[in-house]
Amino acid sequence: MSFMTSFLWSLIVYLILTAGSGSVLLWSPAELVAGIVIAALIGYATRNIMGERFDYFFF
C-alpha cells in the first residue's frame with residue numbers, strides 16, 4: 001500500500017507541475033508516460049518510508 005500512496009502522490013504532483021504542456025487534456029502523451037515512469041521510480045524508492053512503519057511515529 002505504501003508504494004501506491006507514494007506513486008499516486010508523485011504522479012499528482014508531477015501532473016500539476018507539468019500542466020499545460022500538450023494536447024491530451026492538459027498534457028502531452030510523452031509527459032504522461034514520463035510522469036508514470038518517474039512516479040513509479042519514486043514510489044519504489046520511498047516504499048519503505050511511508051506505510052505501516054510511518055504510522056508508528058505518530059501513534
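Reader: Which backbone oxygen lies 2.9 Å from a polar atom of the side chain of Thr18?

Author: The model is a predicted one. The oxygen belongs to the backbone of Tyr14, and its distance from a polar side-chain atom of Thr18 is 2.9 Å. Thr18 itself sits in the loop that joins helix H1 (2-17) to helix H2 (29-45).

Reader: Why is Thr18 called buried?

Author: The relative accessible area of Thr18 is 17%. Buried means under 20%, so Thr18 is classed as buried. Leaving aside residues up to four places away in sequence, Thr18 touches Leu26, Trp27 and Glu31.

Reader: What makes the pair of Phe3 and Phe7 stacked?

Author: The search of the whole structure finds 1 aromatic pair. The ring centres of Phe3 and Phe7 are 6.0 Å apart, and their planes stand at 20°. Centres within 6.5 Å form a pair, and planes under 30 degrees apart count as stacked; the pair is therefore stacked. Both residues belong to helix H1, 4 residues apart, which is about one turn of the helix.

Reader: Why is Phe7 counted as buried, and why is Phe3 called partly exposed?

Author: Phe7 has 14% relative accessibility and so counts as buried, the limit being under 20%. Phe3 has a relative accessible area of 31%; partly exposed covers values between that limit and the exposed class, which is over 50%, so Phe3 is partly exposed.

Reader: At what angle do H1 and H2 pack?

Author: H1 and H2 pack at about 140°, their axes being 8 Å apart. Their crossing is right-handed.

Definitions and conventions. Residues numbered from 1 in each chain as written. Predicted model: local features only at pLDDT ≥ 70, side-chain atom pairs only at ≥ 80, totals over all residues. Heavy atoms only, no water. Helix = DSSP H or I, 4+ residues; strand = E, 2+ residues; numbered from the N terminus. Buried < 20%, exposed > 50% of the residue type's maximum accessible area, 1.4 Å probe, protein only. Polar contact = N/O pair within 3.5 Å; in protein donor to acceptor, adjacent residues only side chain to side chain. Contact = heavy atoms within 4.5 Å. Phe/Tyr/Trp six-rings, centres within 6.5 Å; stacked < 30°, edge-to-face > 60°. Axes fitted to C-alpha atoms, helices over the stretch in contact; angles between N-to-C directions. Left-handed = near helix turned anticlockwise from the far one by under 90°.
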